[in-house]
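Please look through the sequence and the model shown here before reading the notes that follow.

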Amino acid sequence: MTLQGRRVLVAISGGIAAYKCVELVRRLKDRQAQVRVLMTKAAQSFVGPLTFQAVSGEPVHTELLDPAAELGMGHIELARWAEFLLVAPTTANQMAHFALGVADDLLSTVWLAHAGQKIIAPAMNQQMWQAPAVQRNAALLQSDHVQIWGPGHGEQACGDVGPGRMLEPAELLNRLETLCFGKDLDGVRVVVTAGPTRERLDPVRYLSNFSSGKMGYALAQAFAQRGADVHLVSGPVQLSTPMGVHRIDVESALEMHTAVMSLALTADIFIATAAVADFRVDKMAQQKLKKNGAPGLMLNLVTNPDILADVAALEGTKRPFVVGFAAETEHLHQYGREKLERKRLDMIACNDVSVAGLGFGSDRNALLLLWNDGSCYLPEADKDQLAHQLVDHIIEKRQLGVQH
Ligand code: PMT
């Protein structure tokens, strides 16, 4: 179950983070959710309703006593329409209204009339967030089964540093998606590798590649959203850890190998998305390598262990369902099938990394899935969406007992 067709009411109260909700609404629309927007008076001082009308494609709700709205969708209908009511940003004032049940404007009235899932994304000055009254209200709302997402920690518009930042739109979207998914992988243990490895040449240089980790992180997130117990063994990347995922940071292929082998024996599913360096220098220089007028430099490289092949070679009941990736620039089908067979995998996801805008570093990809007696093409899409499609295929093949 995804966000497609789900009814989300995004209610915006008066905070500087209101502008971030334009991105949130846009992303919800990308996911084909049905989105309506409600704005308080204060919110309209930060962003105009027309902006939200443009991104949501729907009139924006602003008035409690709006004769035009009462003819069609009044506050009760709006509250009934929504499956999810997400208030972002939520001010301290708004929290107090919700906690006490005050109903003196459109948002506070819709809040009381809404019987579905209520979520707030607080955003305020860090001192305000930590004030006893606000914390009391947060505790009251929690006991009323309101989900409180955030706030995040960091630099604030007022110059303070601390807890009080509204969570980023991508994080709010991820959490909304997580609410929608059934937990069909509850109790399943998954190990995912992601990102590049770095092979040090000397104290300041290394060999690596262009992997950003986005494909592997999207997979870890997709598995976690379905209830799996996910361990993400990650090379150096600039991404935040998906909610609920255990992350183990490594740098080199040897470190990744050690981390994976200790987790793989208890894993049900193993997926190797990482772009592992095939080679490392036989001996890292202890000091910075000098040019010293030399015309070039010879590096003596040795082969790294093949992590994927070593997991696939585990015997008997300890062997997880093993999925590899193949980054190819030509003959996708042929090279992918050779890797599937040579490494004794259950499935391989091949991507053509020569296509501009896909694969390495990009938010999008396309995958050719191969298994022993079949194949399936997943056309270009966001990596988040592809990850869920791949998870569906893995679940199906694992249940059917597809083996290398
Ligand atoms: O990280 P992104 O920017 O989102 O980009 C995603 C990606 C292009 C890196 C990803 O989709 C991908 O293709 N990952 C595999 C890259 C790769 O190293 O492919 P390969 O064909 O060289 O390796 C085949 C498989 O063996 C891979 O599953 C790899 O993780 C694994 N391997 C390779 C070498 C090694 N020493 N150990 C391994 O486990």
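The buried residues of helix 1 are K20, C21, V22, L24, V25 and L28, where buried means under 20% relative accessible area, exposed means over 50% and partly exposed lies in between, computed with a 1.4 Å probe and protein chains only. Helices (H or I, at least four residues) and strands (E, at least two) are DSSP runs, numbered from the N terminus. This is a predicted model, in which local features need pLDDT of at least 70 and side-chain atom pairs count only at pLDDT 80 or more, while totals for chains, interfaces and linings use all residues. Residues are numbered from 1 along each chain as its sequence is written, and side-chain values use heavy atoms, with hydrogens and water left out.

- The cover over the buried residues of helix 1 includes strand 1, strand 2, helix 2, strand 3, strand 7 (161-165) and helix 9 (169-180), with contact meaning heavy atoms within 4.5 Å.
- Helix 1, which comprises residues 20-30, lies across strand 1, strand 2 and strand 3, and runs at about 175 degrees to strand 1; axes are lines fitted to C-alpha atoms, for helices over the stretch in contact, and angles run from 0 to 180 degrees between N-to-C directions.
- Helix 2 (residues 49-56) lies across strand 1 and strand 2, and its angle to strand 2 is about 175 degrees.

- Five strands form an open sheet, with parallel pairing, in the order 2-1-3-4-5; two strands count as paired if DSSP finds at least two bridges between them.
- Strand 2 (34-39) and strand 5 (147-148) stand at the edges, and because each has a single partner strand, one side of each is left without a neighbour in the sheet.
- Strands of a sheet pair through backbone hydrogen bonds, and the pairing can be either parallel or antiparallel.
- Within this sheet, strand 1 (residues 7-12) and strand 3 (residues 84-90) pair in the parallel sense over four bridges, and V8 has F84 in strand 3 as its bridge partner.

- A cis peptide bond with omega of about -10 degrees joins A88 and P89, and P89 lies in strand 3.
- The peptide bond from G150 to P151 is also cis, with omega near 5 degrees, and P151 is placed in the loop between strand 5 and strand 6 (152-155).
- Q32, which is not a glycine, has a positive phi of about 65 degrees and sits in the loop between helix 1 and strand 2; because its relative accessibility is 48%, Q32 counts as partly exposed.
- R344 is not a glycine either, yet its phi is positive at about 55 degrees; R344 is in the loop between helix 13 (332-342) and strand 17 (347-352), and its relative accessibility of 39% makes it count as partly exposed.

**Two residues and their contacts**

- Q221 lies in helix 10 (residues 214-225), and it counts as buried because its relative accessibility is 15%.
- When neighbours within four places in sequence are left aside, Q221 is in contact with N174, E177, P242 and D384.
- T329 is found in the loop between strand 16 (321-328) and helix 13, and with a relative accessibility of 54% it counts as exposed.
- Leaving aside neighbours within four places in sequence, T329 is in contact with D352, V353 and S354; the C-alpha atoms of T329 and S354 are separated by 5.0 Å, although these residues are 25 residues apart along the chain.

**The protein as a whole**

- The secondary structure of the protein comes to 14 helices and 19 strands, and its C-alpha trace spans about 75 × 55 × 40 Å along the principal axes.
- Of the 404 residues of the protein, 50% count as buried.
- Among the contacts in the protein with a separation of 6 or more, 68% are accounted for by residues 24 or more positions apart.
- The accessible surface of the protein comes to about 18900 Å², of which 52% belongs to carbon and sulfur atoms; accessible areas come from the Shrake-Rupley method with a 1.4 Å probe, and for residues only the protein chains shown count as cover.
- The mean positions of the 38 positive and 43 negative charges are 4 Å apart, where Lys and Arg count as positive and Asp and Glu as negative, while His and the chain ends are not counted; the place of a charge is taken as NZ of Lys, CZ of Arg, CG of Asp or CD of Glu.
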